[in-house]
Protein chains: 2
Amino acid sequence: MNVSWHPQKVSHLQRQQFNGHRPVLLWYTGLSGSGKSTLANAVDALLFEQNCHTYLLDGDNIRHGLNGDLTFSDIDRVENIRRIGEVSKLFIDAGLIISTAFISPFSSDRKMVRSQLPEGQFIEVFVDTPLHVCEARDPKGLYKKARKGEIKNFTGIDSLYEPPENPEIHIKTGEPGFETIEVCAQHIVTLLLNMGIVSAK
Amino acid sequence: MNVSWHPQKVSHLQRQQFNGHRPVLLWYTGLSGSGKSTLANAVDALLFEQNCHTYLLDGDNIRHGLNGDLTFSDIDRVENIRRIGEVSKLFIDAGLIISTAFISPFSSDRKMVRSQLPEGQFIEVFVDTPLHVCEARDPKGLYKKARKGEIKNFTGIDSLYEPPENPEIHIKTGEPGFETIEVCAQHIVTLLLNMGIVSAK
């Protein structure tokens, strides 16, 4: 077998042309209960309908799999985001629109991921739901536990959430124009069309 | 924003139907210099020509990225394979044909990855090149260094390679029917067609 023969590798550009859209990372960030995962899934479904090749990373498929060995310590939280960023880079290289839905409270972590991608491929989506709204929803009862001290370092209670300063997309949930998940999701897809990332079907 | 509204998540089946082929993991294993990565790239290019959605994980995109924090210690080698398996699962869930090209010398590690996937989705490709051939090629000069003791725990020299017992695909490089990379790659694609994983274009 002649190993000096070089088979043509499939290039990033070929994968992108095949898929018919630009590969990007939609990085959803926001408090627990802000609606990140729900919104990311809704956008994902709309993009899929538009024939985009997409995938979503969230707690469901990351925490018990790739990052199942990590705790919630500060050092492991950084590693958690680092790995999510690295996996996202692989999906982008494969030509997909990859979405991630994690609280990702620290600016420095989000900037680290942004800095590793070419200009324009990291799209920060700030799911801006006020703390009192998230806490009133408390879908998993986590805020209640955090207030009782049963959970430590809970974002918004005894750990900081650093809001994005200049997110590419800012969803002010509940405010005029952002009343429902459907409206918010359609708003994001329209922005992606306007940015030239996806094309109308 | 009504978070109790459940947007339709894109299902694994929908992604698979959209792509038009079954998602599988092609797990290439073999000695350093066996031609794993070259062969995996050649197969990937052929599958891409057949309109398959594919991606390849190898040292180039894994060792300096996701697994850049790992050493070559025994415990880190296990973690290396674990993460590659977990990332492969995500790509399969996304509907792609994902290939991995790593020595992966230990049966137990390969079995761990196999056990985490549904029956039929883990396809072990044994790139069976004899040690003396790999060592004569020595494309990166690693065997020479290992023989001098400059590299420790080098597979085939002072660390074991456990050949697969029942690989789905067995490529006996250099033997009749497996003379060139092109022939080997075409052989694998034909097997995937026969297995009903991909369809003729």
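The legends below describe close-up views of a predicted model with two chains, A and B.

**Figure 1. Overall make-up of chain A.** Chain A holds eight helices and five strands. Read from the N terminus, its elements follow the order α-β-α-β-α-α-β-α-β-α-α-β-α. Along the principal axes, the C-alpha atoms of chain A fill a box of roughly 65 × 40 × 25 Å. Of the 201 residues in chain A, 43% are buried.

**Figure 2. The relation between chain A and chain B.** Chain A is superposed on chain B by a rotation of 180°, with 0.0 Å of shift along the axis and an RMSD of 0.0 Å. This is the relation of a two-fold axis. Which C-alpha of chain A is nearest the axis? It is the C-alpha of Val87(A), at 3.6 Å from the axis.

**Figure 3. The contact between the two chains.** Chain A gives 35 residues to the contact, and chain B gives 35 residues. On the side of chain A that touches chain B, at least two residues come from each of α2 (36-49), α3 (59-66), α4 (74-93) and α8 (181-194). By type, the residues on this side of chain A are 17 nonpolar, eleven polar and seven charged. The copies meet through the same surface, because 100% of the interface residues of chain A are also interface residues in chain B.

**Figure 4. Helix α4 of chain B.** This helix covers residues 74-93 of chain B, which makes 20 residues. From its first C-alpha to its last it reaches 29 Å, close to the 28 Å expected at 1.5 Å a residue. The buried residues of α4(B) include Ile81(B), Ile84(B), Val87(B), Leu90(B), Phe91(B) and Ile92(B). Arg77(B), Arg83(B) and Glu86(B) are also among the buried residues of α4(B). After α4(B) comes Gly95(B), which has a positive phi, near 100°.

**Figure 5. The largest nonpolar core.** This core has 99 residues. Which residues have the most contacts inside the core? They are Leu39(A), Val125(A), Leu39(B) and Val125(B). Leaving aside residues up to four places away in sequence, Leu39(B) touches Tyr28(B), Val127(B), Ile171(B), Ile181(B), Cys184(B) and Ala185(B). In soluble globular proteins, nonpolar side chains tend to be buried together.

**Figure 6. The loop that holds Ser104(A).** Ser104(A) lies in the loop between β3 (97-101) and α5 (107-115) of chain A. Although Ser104(A) is not a glycine, its phi is positive, at about 40°. Is Ser104(A) buried or exposed? Ser104(A) counts as buried, because it has 25 C-beta neighbours inside 10 Å, and the cut-off for a buried residue is 20 or more.

**Figure 7. The loop that holds Asp138(A).** Asp138(A) is found in the loop between α6 (131-137) and α7 (142-147) of chain A. Asp138(A) is not a glycine, yet it has a positive phi of about 40°. Asp138(A) has 15 C-beta neighbours inside 10 Å, so it counts as partly exposed.

Technical notes:
Residues numbered from 1 in each chain as written. Chains lettered and ligands numbered in written order. Predicted model: local features only at pLDDT ≥ 70, side-chain atom pairs only at ≥ 80, totals over all residues. Core = buried A, V, L, I, M, F, W, Y, C linked by C-beta atoms within 7 Å. Buried ≥ 20, exposed ≤ 12 C-beta atoms within 10 Å, placed from the backbone. Contact = placed C-beta atoms within 7 Å. Least-squares fit on C-alpha atoms with pLDDT ≥ 70 in both. Helix = DSSP H or I, 4+ residues; strand = E, 2+ residues; numbered from the N terminus. Expected span 1.5 Å × (residues − 1). Nonpolar A, V, L, I, M, F, W, Y, C, P; charged D, E, K, R; others polar.
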